[in-house]
Amino acid sequence: MHLTFDSRFGPVSFPYLLLLTGNLIKVTSAFLGLCYSADLFQATMLMMMDTAFVPPYPKRHKSDLGGIATLLSAKRDLLSFWSEDSFRYQFMSRRILNRSIFIANTPELVKYVFVTQKDNYESKSPQMRKALEPLLGDGLFISDGELWKNRRLLQNGLFDTHHIQAYSQIMTDTAAEMAEHWASLPAGSSVGVLSAMGQLTSEIIARTLFGARLGQDAAAVIHAFADYQAAIEQIHVTNFLGLPEWIPIGSLNMGKAKAAAQRIHAIVDHVIAKGEQGGYEHTLLNELLAANQRSKGVAISREGIRNELIVLFMAGHETTANALSWVWYLLSQSPDSEAKMHAEIDRVLGGRLPAYEDVSNLPYTRAVFEETMRLYPPVPILSRQAKAEDTIRRRKIPAGSIMLVVPWLLHRHRDYWEQPDAFIPERFMDVNKRPDKFLYLPFSVGPRVCIGKMFGMVEAVLAIATLAQHFRLSLPQGTAITHECRLTLRPRGALAMRLERR
Ligand code: HEM
């Protein structure tokens, strides 16, 4: 395996730059007798940088691993085979088993792949489709071309501000039910945070889509999805590393994957039927059926509708649950951030439940969630296949090559972030200095950006605000936290934390 790289940046020291600009602003402010919010912002950033918590991350290799070592490492974990330099390089190419994979690792290159040349890099890799087809059929996540375009157009309208506002009541109600349940537990109880957040978000998406409660089915669907991901593990390793489809490594567990998919389909069918019995006037399912009837394009078949619902159901809960789980862990290790967030929630809500209108008044809570997704992007690797031959930075990209955009690398890239591995929500607080959307992309970017981006953001802020109003979660001393990265990135194990009343 050969690794080549391209790094045009010299050794820029960001802390130095920050000090320099911070001091300049301070001096100018003092001279003019003004107090700029930028000054305040810089000062807070500098203070935070002294004390910021650096959560554990997988070991970075001094140099790039060889082909076999990369494969073995990736099979265990997709985040553990990167070298230190991968967080500094701009463009990388690898050759594994005679196949090329490329990694676009700057905002300019991400823009090129996801926007400028979107038609060439629209398709998910065949390996990804093969891995997800038993579960998602021809659903939005893996379809492309005209089919994807028609379906995306039809569904975009179901995720606009007006709809999210309507769904937000379900978000707060469901989180409030979880808070009620927590309140009924003895003080100091242990909570399995990963499954609690999974139950919360799967219940929210089920009620939004079908108007029906998942109840007991929540645990079953979460387990079935975990089984599915485990079964396709080998397939997605081949997918991300661009290995040829014929390699048998991917077919070993297809039987298990299909069985897990059938369990999920049965539960979703059951919940749709429950929704139909109870009337589902105000559900996303009903909106989708209505939009389908109004559609001037090709109408979606009954099976297609079911596939789209499964995509929304699956894509609509696991990512948010993983990010929320990391939030509780990071807050438990960052008392200053936790105190700031509590103060904001108490001040804005004064003890009442949050509503959609409160979200814009909870910027620090939102920043905590955004910073969490920077450090732990729920979808850490985005993979595409080049349709036609292309040239990037004078390098030939053969048709069929795998092109990776890796939020895991971009979100911690040495050239773009101060203290890239530290938890500093303040970096999202300056409205005039938002991170570049081609650098910070937990929801991806371009035409295939996550359709549920606003849904997920509003849901997370409302859930955090509802739960953190009355509770904090602490980590028993000596607990080592690590991650698990399959299709998505989550804490490994149950993430057992102690529940405390505030
Ligand atoms: C924190 C929460 C979420 C994160 C971080 C997230 C992230 C992502 C990312 C990165 C993609 C692009 C994947 C790729 O290009 O390979 C994506 C696609 C998608 N997401 Fe999300 N997502 C979240 C929540 C949601 C929610 C709540 C829904 C639905 C209610 C949803 C539905 C979808 C769908 C349908 C797609 C496929 C879009 C297409 O290809 O046109 N997501 N998501």
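Helix axes are lines fitted to C-alpha atoms over the stretch in contact, and the angle between two of them runs from 0 to 180 degrees between N-to-C directions. With that convention, helix α8 (residues 193–210) packs against helix α9 (residues 217–231) at an angle of about 110 degrees, their axes lying 10 Å apart. The model described here is predicted, with scores of ipTM 0.99 and pTM 0.88.

**Confidence**
- The mean pLDDT of the protein chain is 84, and 83% of its residues reach 70 or more.
- Residues 1–36 have pLDDT below 50, and this stretch makes 42 contacts in the model beyond near neighbours in sequence.

**Surroundings of the ligand**
- The ligand is surrounded by 23 residues, of which A315, G316, C450, G452 and G456 are the closest.
- Three helices, α13 (302–315), α14 (318–333) and α18 (453–468), each contribute at least two residues to this shell.
- By class, the shell around the ligand comprises 15 nonpolar, six polar and two charged residues.

**Packing of α8 with α9**
- Because angles of 65 to 115 degrees count as roughly perpendicular, the angle of about 110 degrees makes α8 roughly perpendicular to α9.
- On the α8 side the contact is formed by S195, G198, Q199, S202 and E203, and on the α9 side by A218, V221 and I222.
- The contact of α8 with α9 contains three nonpolar, four polar and one charged residues.

**Packing of α15 with α16**
- Helix α15 (residues 335–349) meets helix α16 (residues 363–375) at an angle of about 140 degrees, with 8 Å between their axes, and the two helices are therefore oblique to each other.
- S337, K340, M341, E344 and I345 of α15 make this contact with Y364, T365 and V368 of α16.
- Sorted by class, the residues of the contact of α15 with α16 are four nonpolar, two polar and two charged.

**The three-stranded sheet**
- Three strands form an open sheet in the order β4-β12-β9, and their pairing is antiparallel.
- Strands β4 (190–192) and β9 (471–474) are the edge strands, each pairing on one side only, and the twist from one strand to the next averages 45 degrees.
- Strand β12 (residues 496–501) runs antiparallel to β4 and is joined to β4 by three bridges; within this pairing, V191 has M497 of β12 as its bridge partner.

How values were computed:
Residues numbered from 1 in each chain as written. Predicted model: local features only at pLDDT ≥ 70, side-chain atom pairs only at ≥ 80, totals over all residues. Near = placed C-beta within 6 Å. Helix = DSSP H or I, 4+ residues; strand = E, 2+ residues; numbered from the N terminus. Nonpolar A, V, L, I, M, F, W, Y, C, P; charged D, E, K, R; others polar. pLDDT = per-residue confidence, 0-100. Contact = placed C-beta atoms within 7 Å. Pairing = 2+ DSSP bridges. Parallel < 35°, antiparallel > 145°, perpendicular 65-115°, else oblique.
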